[in-house]
Amino acid sequence: MSVQDDLTSVQRCLDDLARSVSRLEQQIGPGLEMRRVRTDADHLRESVALLKEAAPGLTTLRRPDLVSIPDTPYDTSLWTDSDDEGLGARDRRAP
């Protein structure tokens with residue numbers, strides 16, 4: 001199943017949720033809790049709509065190329081003028 005198919009499926013489920021929330025609101029009546037549920041459902045629908053707009057870039061996800069790290073030790077000259085973390089430079093005193 002592609003990303004586009006999954007997003008369409010989620011969109012359908014959220015549409016069902018919105019209809020269910022409307023029916024529930026008719027039975028229970030408006031109130032703070034119902035407003036929060038309706039707002040949360042609307043936010044989800046907006047978020048999925050944004051994902052659908054960005055989906056063409058999502059369908060071509062590519063794994064990054066692996067970089068092999070050799071087992072041989074690094075050249076010690078790489079660290080000749082480096083600082084020891086928390087201690088400062090080798091030829092100076094720490095404050």
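Which residues does Gln 11 touch, not counting residues up to four places away in sequence? The legends below begin with that residue.

View 1. Gln 11 touches Arg 45, Val 48, Ala 49 and Lys 52, a contact being heavy atoms within 4.5 Å. Gln 11 is buried, at a relative accessible area of 17% (buried is under 20%, exposed over 50%, partly exposed in between, with a 1.4 Å probe and protein chains only). The model is predicted: local features need pLDDT of at least 70, side-chain atom pairs count only at pLDDT 80 or more, and totals for chains, interfaces and linings use all residues. Residues are numbered from 1 along each chain as its sequence is written, and side-chain values use heavy atoms, with hydrogens and water left out.

**View 2. Helix H1 and its end.** Helices are DSSP runs of H or I with at least four residues, numbered from the N terminus. The 26 residues of H1 should span 38 Å at 1.5 Å a residue, and the 36 Å between its end C-alpha atoms agrees; the expected span is 1.5 Å times one less than the number of residues. Buried residues in H1 include Leu 7, Leu 14, Ala 18, Val 21 and Glu 25.

**View 3. Ser 22 and Arg 38.** Ser 22 belongs to H1 (residues 3-28) and is partly exposed, with a relative accessible area of 28%. Between Ser 22 and Arg 38 there are 8.2 Å in space, C-alpha to C-alpha, for a separation of 16 residues in sequence.

**View 4. Tyr 74 in the segment after helix H2 (32-58).** Tyr 74 counts as exposed because its relative accessibility is 55%.

How values were computed
Helix = DSSP H or I, 4+ residues; strand = E, 2+ residues; numbered from the N terminus.
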